[in-house]
Amino acid sequence: MLVALVLFLVIIGSIIFHFWTPWWWTEVASNWGNIDGTIILTFWVTGAVFVAVCLFMSYCVWRFEYKKDQKADYSPENPKLEWFLTILTTIGVCALLAPGLIVWNKYVSVPEDAVDIEVMGQQWFWNYRLPGPDGKLGLTDLRNISDENPFGMNLEDPNGLDDILIEADDLHIPINQSVKVNLRSIDVLHDFYVPQFRAKMDMVPGTVTYYWFTPTRTGDFEILCMEYCGTGHYSMKGRVLVDEQKDYEDWLSEQMNFKEYMASLNKSDLIQLALKKKESN
Amino acid sequence: MTADSYEDIAVGKGDPIPALEVKPQELYHAHSFWTKWIFCQDAKVIGIQYSITAIAIGLVALVLSWLMRLQLAFPELVPFLGAAEYYQFVTMHGMIMVIYLLTALFLGGFGNFLIPLMVGARDMVFPYVNMVSYWVYLLAVIVLAASFFVPGGPTGAGWTLYPPQAITSGTPGGEGLGIILMLVSLSIFVVGFTMGGLNYVITILQARTRGMTLMRMPLTIWGIFTATVLALFAFPALIVSCIMMTLDNLLGTSFFMPAIVEFGEQSEYSGGSPILFQHLFWFFGHPEVYIVALPAFGIVSDLISVHARKNIFGYRMMVWAIVIIGALSFIVWAHHMYVAGMNPWFGFFFATTTLIIAVPTALKVYNWVITLWKGNIRLTIPMLFALGFIVTFVNGGITGLFLGNVIVDVPLSDTYFVVAHFHMVMGIAPVLVVFGAIYHWFPLVTGRFLHEGMGKFHFWVSFLGSYAIYFPMHYLGFVGVPRRYYEMYDSEFMAVSTNYLNQFITVMAIIVGFTQIIFLYNIITSAKFGKKAEKNPWKACSLEWRTPEVPPGHGNFGEDLPVVYRWAYDFNVPGAKEDYIPQDIGPSQVPEAKAEHT
């Protein structure tokens, strides 16, 4: 009796907690609101199963608790019931999987108008690279990385000259413009994540990973590293600001591109070399 | 023997007992204290050695979890705990709990004790190898524990040991002996396990007593058997990754290490693949979840059936569900890697296989609760733990449907949702089964009961307490609170109240942890002074309770091995006088019992 009651209260308590919890996700700030939709759907389907199974169990415990003269039923199998439950469960699983895969398909298909940007992780901060007016990111190689060339830019690729480099500073992106975030790491695994954007992907040294999203509201958001990357993992944070187009352009005009960056280092002969290549192309 | 209907399983028509296929084995007889209790070849003693060692190292991991929880909620109480120590404790806690406690306890502990007894064998088929298996396991534990005392301390790479960080200088223990000892210890563990595992499988396949067809084995044995087969296939992937990573670390090979720039320094590595390690690790790591879960599934089926005085519902489906889950567990591994940077098209395949595995798993759950329906449920302590298991397992199981569905996993991966999910489903749920199993089989091991009052207290605090820890923790994950953060409360996207929830979780964790001391006290005192148990006190049908002596002596059974006539679930058979018919009672001995279809 008491046991059944406590089990019953655990289930009821879980339901109450779920609907009254103050701990819930942040307001979405990207096009991935339908990820939230898939979570809500999963809640309803799986929550119904949880409540049904556990309430049935509490009922059994209450109704069939041991009595001296009570005889248990002898019922080894019931193929009809077993098939019914199998099919019901399969339907439930399909109801979760199908919408999930449809949204995943969107997640991995980058729209054509998305602007490439690059996020480069290293222990324990973030660097960014924007493509500049030509819309193309220049080639990089980790082997080129040095104090003078922290991004490992390929000096022979002219596309890189106008790339905007942002070292360990805030990232700005314009609202309503889809971005393909190219993810690169130079040392260990990292993961570029903004809770309000919902999207995430690990960065793996030796390869470039990506995801895409469209910011849908302006604001100042915190970036967290979500893949364990050593002692400083918890402090690997950054900021991304979603701006109106005009504010974004103001900010952009103040940033230094690779050419200017190299010039500031007095490496003019390197620049000359690269410029010549561009002309001959 | 093919089982066309449950009657063939439950009661063979007219006592057909197949001829003895395997000659009775020659038993090793111990002559001294050392060979009887220390270097012992009796599987029962080996099982207890495994259990004690596993629980001892598990207690270390429990204390580590307290320190972690204190750091998260009340950092001022643990000023000595820096980020490096925190990550070392996280790593050691995870690895110890998963491998050195749960795997060793379920297979080495319960497997050794129960397999020969439940299949009607005198011992394992290779007793000497079985003994060596334990000592190799102990060596693995010692090597692991030694890493606490080496310069630089144990590895803090996280229990998944992902390269490159596992062997680079930014990770605690990454450049010293810490990571090497971890890799060596894991390799030793795999060697030891393989010796034991071959024994369990061959004993179950070759040394069952007459009449014990595969389809009459108790589900405990099916769970342990399938889990062992999984382990024999999965652990090689672990040992391979450990060896390759050791080579990367010591010899500078590049199996998993790409070219990297570490704090401004160009490395010598080039061309290795960190994601390859992840595939190998999870090719082992996902079956590992079922290596822990399947024995728990099996044991809890038996606990529910015995204490509800009713046959397990859908026995054949339960067996096939175990086998199918085991097989599927080898093709779902990359659901741990949806956002790891592998080819995104893998997501479609692995999400589908992962959600398919939910079907046989759900069927098992239905069958457990349907077994309770129209039962005569004795609310003994093993039964209470079984009920607690169902609640926590269903809860942890459904959150698996969130994480398994690739797009839902995207915002939730690497948050506290994941931590809550895997603790609920492969921490709390199996551990509740372990507790239930200990209360259930303690009378067999010692001839005495565990104290009931202490047992009830232990159950309610452990069950309600751990539910209160992990149920709300999922909601921290929804907020987006990342796992593996040493401290995090300067993030404005989290409300201040997440900190209160964290503090609540920590307080509960300490309470639940301390309650285990009562459990240990109960075990130690009851072994000596507990209430004497009569033979087969729970009136179970399976063979381990049918030994001439309790606790069972060397060789388990008397002059002749028992002969099995029926499955292990003949409770309340219509017409029978007693409410149970043990497996070794032939139909002619209970002519009044008529097991008919209902």
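This is a predicted model: local features need pLDDT of at least 70, side-chain atom pairs count only at pLDDT 80 or more; totals for chains, interfaces and linings use all residues.
Colleague: In the contact of α3(A) with α10(B), how many residues are charged?

Modeller: On the side of α3(A), the contact includes L85(A), V93(A), L97(A) and W104(A). On the side of α10(B), F348(B), L355(B), V359(B) and Y366(B) are among the residues that take part. By class, the residues divide into 14 nonpolar and six polar, and the number of charged residues is none.

Colleague: In which hand does α3(A) pass α10(B)?

Modeller: The crossing of α3(A) past α10(B) is right-handed.

Colleague: Which helix of chain B gives the largest share of the side that touches chain A?

Modeller: The contact between the chains takes 80 residues from chain A and 99 residues from chain B. On the side of chain B, 67 of the residues are nonpolar, 22 are polar and ten are charged. The largest share of that side is 13 residues, and these come from the helix at residues 346–372, namely α10.

Colleague: Is chain A as compact as a globule or more spread out?

Modeller: Chain A has six helices and ten strands. Its radius of gyration is 27 Å, whereas the globule rule gives 19 Å for 281 residues. The C-alpha atoms of chain A fill a box of roughly 100 × 35 × 35 Å.

Colleague: What radius of gyration does chain B have?

Modeller: Chain B contains 15 helices and two strands. For its 598 residues the globule rule gives 25 Å, and the chain is as compact as a globular protein of that length because its radius is close to this value, at 24 Å.

Colleague: What percentage of the residues of chain B count as buried?

Modeller: A residue is buried if 20 or more other C-beta atoms lie within 10 Å of its own. In chain A, 39% of the 281 residues count as buried. In chain B, with 598 residues, the share is 62%.

Colleague: How are α14(B) and α15(B) oriented to each other?

Modeller: Helix α14 spans residues 452–479 of chain B and helix α15 spans residues 497–529. Their axes are 9 Å apart, and the angle between them is about 155 degrees. The crossing is left-handed. The two helices are therefore roughly antiparallel.

Colleague: How many nonpolar residues does the contact of α6(B) with α7(B) have?

Modeller: The axes of α6(B), residues 178–206, and α7(B), residues 219–250, come within 8 Å and cross at roughly 155 degrees. These two helices are therefore roughly antiparallel, and α6(B) passes α7(B) in a left-handed crossing. Their contact has no charged residues and six polar ones, while the nonpolar residues number 21.

Technical notes
Residues are numbered from 1 along each chain as its sequence is written. Chains are lettered from A and ligands numbered from 1 in the order in which they are written. Two residues are in contact if their C-beta atoms, placed from the backbone, lie within 7 Å. Helices (H or I, at least four residues) and strands (E, at least two) are DSSP runs, numbered from the N terminus. Ala, Val, Leu, Ile, Met, Phe, Trp, Tyr, Cys and Pro count as nonpolar, Asp, Glu, Lys and Arg as charged, and the others, Gly among them, as polar. The radius of gyration is taken over C-alpha atoms; the globule rule is 2.2 Å times the number of residues to the power 0.38. A residue is buried if 20 or more other C-beta atoms lie within 10 Å of its own, exposed if 12 or fewer, and partly exposed in between; C-beta atoms are placed from the backbone. Axes are lines fitted to C-alpha atoms, for helices over the stretch in contact, and angles run from 0 to 180 degrees between N-to-C directions. Angles under 35 degrees count as roughly parallel, over 145 as roughly antiparallel, 65 to 115 as roughly perpendicular and the rest as oblique. A crossing is left-handed if the near helix is turned anticlockwise from the far one by less than a right angle, and right-handed if clockwise.
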